[in-house]
Amino acid sequence: MVLPRKYHPIIYVIASISAIGGLLFGYDTGVVSGAILFIREDFHLSDLQTEIVVASILFGAIFGALLTGRWTYYLGRKKLIILGAFIFAAGTLLSALAQSISTIIGGRILLGFAIGGTSMVVPLYISEMSPPKIRGLLVSLNQVMITAGIFISYLVNLYFAEYGLWRYMLGVAILPAILLGIGMLFLPESPRWLLRQGLENRARAILFYIHSAELAELEFNEIKMTVQPDQRIRPPIFQKKYFIPLIIGIGLAIFQQITGINTIIYYAPLIFKMTGLQSNVIAILATAGVGLVNLLMTLVAVQLIDRIGRRPLLLFGVGGLFFSLWMLGLSFFITSPSPLLGWITAICLFLFVASFAISLGPIFWLLISEIYPLAIRGRAMSVATVVNWVANLLVTVTFLTLIGHLGKAYTFWLYGIITIGCWLFIYFLIPETKGRRLEEIEQSWKNK
Ligand code: BGC
């Protein structure tokens with residue numbers, strides 16, 4: 001990955017350490033696809049119990065995101081990430097050492113709780129620490145780590161699968177959790193949060209530590225001006241002046257999920273088997289291929305996000321989602337299970353994931369960390385994040401039922417139709433935030 005050199009190296013350290021939260025998000029959501037096969041056997045689980053184990057992390061995430069919004073205000077960004085690391089470690093130990101299915105579920109809910117919280121605080125923290133010109137790159141490092149986590153979990157699953165060592169599959173996540181907790185102890189708090197708490201001197205010192213003197217001075221004055229009128233006041237977030245940014249965050253949260261990404265991330269082996277493929281191993285290998293494309297294209301996205309901008313990437317990527325979903329539907333419609341169908345499906349899934357990785361994947365999390373005024377940033381991000389996890393849960397639990405009722409072709413076409421709505425939503429509502437300072441973006445809503 002190419003990192004611009006003219007910035008102080010500390011900001012890369014800050015982004016990389018805090019984005020370990022993203023690695024855990026990706027790992028803990030991805031690992032269950034392999035581990036569940038063995039947990040199911042060991043504990044003789046019914047279908048319903050299996051679904052509960054898989055979905056428990058999503059339930060946890062909804063509540064984690066719900067509560068974190070408030071805590072970003074009281075505790076600050078840094079302490080919350082440390083708390084998240086602690087919960088990650090506890091959830092990992094609980095689920096990996098569990099002797100009963102309810103303990104596994106409890107552990108997974110805890111993990112979900114940490115994921116829900118860090119999935120919003122990490123982008124928020126990085127966004128507030130970044131120089132505007134490379135904010136897209138730095139915040140999207142979190143998405144790079146999410147996709148790396150998913151990919152690594154597939155590889156770890158493959159490695160331990162031969163002996164069915166599911167406790168190891170779940171357990172290795174303890175290492176990044178410890179790293180995140182210890183690493184964060186050494187990083188500074190967000191100067192924006194400090195200024196909002198009235199801690200001017202500390203905020204100033206941190207800004208001068210992480211930015212050039214010129215940018216630090218500019219940001220210090222601008223943030224001060226932004227927070228001064230309503231310092232320590234927590235305005236209600238549901239009011240007219242915040243309406244458009246709220247709609248943008250909530251809409252994009254829903255579209256990121258209901259265009260179907262996690263039907264592929266969570267069920268790829270099953271989709272490959274629908275094409276007539278017999279071998280489990282090849283299905284899992286092909287899934288690892290999907291994970292790799294996701295990671296590589298996210299790396300491409302982070303290079304482009306601050307150059308081309310958020311809007312063009314979103315519009316292009318969502319166009320790609322539409323195309324690949326229609327192709328996928330068509331191939332299931334006109335061909336019966338065969339090796340040819342297997343290949344076409346693989347190409348469509350790669351194309352789909354690549355399109356997501358350069359658009360909705362990183363840019364949803366980036367935009368919700370940029371578009372909200374400081375006074376409501378934490379809580380508004382929390383609303384968008386909760387909606388994202390709820391939509392994720394709904395898609396995950398309805399996918400197989402949809403396939404059962406509508407058939408494969410119409411199910412993928414349905415997601416395809418949704419991408420048209422998503423494209424129009426982006427075209428008409430999403431502003432370009434490339435290169436603008438957070439306070440400039442905040443001001444632009446007032447001007448509207
Ligand atoms: C989404 C996740 C998804 C992941 C895939 C994230 O941005 O929020 O739901 O599993 O991307 O890369």
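Mentor: A polar contact is a pair of N or O atoms within 3.5 Å; within protein, one must be able to donate a hydrogen and the other to accept it, and residues adjacent in sequence count only if both atoms are side-chain atoms. This is a predicted model, where local features need pLDDT of at least 70, side-chain atom pairs count only at pLDDT 80 or more, and totals for chains, interfaces and linings use all residues. Residues are numbered from 1 along each chain as its sequence is written, and side-chain values use heavy atoms, with hydrogens and water left out.

Trainee: How far does a polar side-chain atom of N262 lie from an oxygen atom of the ligand?

Mentor: The distance is 2.7 Å. The ligand itself exposes 310 Å² when taken alone, and the protein buries 99% of that (Shrake-Rupley areas, 1.4 Å probe). Q256 has a side-chain N or O atom 2.9 Å from a ligand oxygen. For Q257 the distance from a side-chain N or O atom to a ligand oxygen is also 2.9 Å.

Trainee: Which residues are around the ligand?

Mentor: Count those with a heavy atom within 4 Å. They are Q143, T147, I150, Q256, Q257, N262, N294, F356, G361, W365, N388 and N392. By class, nine are polar, three nonpolar and none charged. Here Ala, Val, Leu, Ile, Met, Phe, Trp, Tyr, Cys and Pro are nonpolar, Asp, Glu, Lys and Arg charged, and the others, Gly among them, polar.

Trainee: Where does the ligand sit?

Mentor: In the largest cavity. To sit there, more than half of its atoms must lie within 2 Å of the grid points. A cavity, on a 1 Å grid over the protein atoms alone, is where a 1.4 Å probe fits but cannot get out; a pocket is open, with protein on both sides within 12 Å along at least five of seven lines; lining residues have an atom within 4 Å of a point.

Trainee: What lines the largest cavity?

Mentor: It has 17 lining residues, with F25, I146, I150, Q257 and N262 nearest its centre. α14 gives the largest share, four residues. Nine lining residues are nonpolar, eight polar and none charged.

Trainee: And what lines the largest pocket?

Mentor: The pocket lining has 38 residues; S33, I36, L37, Y266 and Y267 lie nearest the centre. α4 gives the most, nine residues. The classes are 24 nonpolar, nine polar and five charged.

Definitions and conventions:
Helix = DSSP H or I, 4+ residues; strand = E, 2+ residues; numbered from the N terminus.
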